[in-house]
Amino acid sequence: MPNMREIRERIASIQQILKITNAMYLMSSSKLKKARKSLEATEPYFYKLQETIDSVLEHTPHTRQKYFDRRKDIPPEKRKKGYIVITGDKGLCGSYNHNIMKYTEQELEKAENPENCCLFVMGQVGRLYFQRRMKNDHMASVDSEFLYTTQNPTLYRAREIADMVIGKFESGELDEVYLIYTDMVNSSQQETRTLRLLPFERKRLVQAADGTLKSLPKASFMPSPEEVMGYLIPQYAKGIIYGAMVEAFCCEQQSRMTAMDSATNSAKDMIKELSLMYNRARQAAITQEITEVVSGANSLDED
């Protein structure tokens with residue numbers, strides 16, 4: 001059994017760790033509420049954008065738009081795919097980073113030709129992992145100039161990322177663009193998802209009960225439907241990326257809150273065990289001192 005001094009030092013050390021884990025829990029809780037509030041404030045704008053895009057497509061179903069180009073002339077094994085992977089900048093968040101990195105590797109294995117895939121990784125943890133892993137396995141390339149943090153997601157950062165991937169899609173450097181992020185299903189459940197960003201999918205017109213196309217009011221677009229869609233879709237893409245960034249950030253904070261809460265409870269349990277051990281050692285020391293005093297007194301009486 002360790003002595004009383006060693007036990008006191010261990011208790012003091014665990015108490016310091018307890019303060020850190022409790023503070024990290026409170027900070028993650030505050031960040032989570034702030035990110036959720038920001039997303040709720042911007043969601044109506046992007047929902048309206050989506051409704052506008054749907055309305056334009058319904059009125060002009062045959063409009064040619066470059067963002068809907070599936071490039072069917074390119075065979076699947078030659079298609080260049082880009083994956084925007086959102087991980088965390090820091091650890092201490094349970095299995096959050098591990099799950100999304102393993103999920104990304106599984107998605108690359110499903111690709112027809114993984115060597116034609118390019119990763120755009122947000123977050124320091126995932127960036128370092130994939131740079132080291134892809135360098136050894138040669139499965140895909142990692143864009144070394146794509147340096148973005150996942151902390152405190154902003155619309156400005158989402159616009160920069162959207163402009164970058166849209167530019168690569170327009171120039172033919174990428175044929176498909178996907179988002180890999182973690183979605184918060186509820187407060188206790190998270191799910192890693194893949195969302196196709198480009199090309200966009202043209203929804204079919206809803207048919208009437210008799211099988212004919214529904215009648216739509218006349219609409220005019222100035223200067224043209226193509227110009228209108230050319231402005232709306234990049235804005236909508238920015239909203240999709242921003243929403244994914246916020247969801248991933250919230251999941252990271254929720255995972256960190258869970259991990260820190262477990263660490264705090266474990267620290268409290270360890271302090272209880274060490275306190276009990278300290279009391280036992282203290283009681284043993286007191287008993288030994290009493291025994292020594294009594295033995296000394298008895299030896300004096302015998303003399």
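This note sets out numbered points on the fold, the cores and the salt bridges of a predicted model.

1. Basis. Local features require pLDDT of at least 70 and side-chain atom pairs count only at pLDDT 80 or more, whereas totals for chains, interfaces and linings use all residues. Residues are numbered from 1 along each chain as its sequence is written, and side-chain values use heavy atoms, with hydrogens and water left out.

2. Secondary structure. The chain holds five helices and five strands, taken as DSSP runs numbered from the N terminus (helices H or I, at least four residues; strands E, at least two). Their order from the N terminus is α-β-α-β-α-β-α-β-β-α.

3. Of the 303 residues, 42% count as buried (buried is under 20% relative accessible area, exposed over 50%, partly exposed in between; 1.4 Å probe, protein chains only). Among contacts (heavy atoms within 4.5 Å) with a separation of 6 or more, 79% join residues 24 or more positions apart.

4. Nonpolar cores. A nonpolar core is a set of buried Ala, Val, Leu, Ile, Met, Phe, Trp, Tyr and Cys residues joined through side-chain atoms within 4.5 Å. The largest has 50 residues, and those with the most contacts inside it include Ile86, Ile161, Leu198 and Phe200. Elements giving two or more residues to this core include α1 (4–59), β4 (176–186), β5 (189–198) and α5 (225–302); α5 gives the most, with 17 residues. Apart from this core lies another, of 18 residues, among them Met101, Leu108, Val121 and Val142.

5. Helix α2. The 15 residues of α2 (residues 96–110) should span 21 Å at 1.5 Å a residue, and the end C-alpha atoms are 22 Å apart, which agrees; the expected span is 1.5 Å times one less than the number of residues. Its buried residues include Tyr96, Ile100, Met101 and Leu108.

6. Arg79 and Glu176. Twelve salt bridges are found in the whole structure (a side-chain nitrogen of Lys or Arg within 4 Å of a carboxyl oxygen of Asp or Glu). Arg79 pairs with Glu176, the closest N and O atoms being 2.7 Å apart. Arg79 lies in the loop between α1 and β1 and Glu176 in strand β4, 97 residues apart. Arg79 counts as buried at 10% relative accessibility, and Glu176 is buried at 9%.

7. Arg193. Asp183 in β4 and Arg193 in β5 are ten residues apart, and their salt bridge has its closest N and O atoms at 2.6 Å. Asp183 is buried at 10% relative accessibility, while Arg193 is partly exposed at 32%. Arg193 also forms a salt bridge with Glu191 (3.5 Å, N to O), and Glu191 is partly exposed at 37%.
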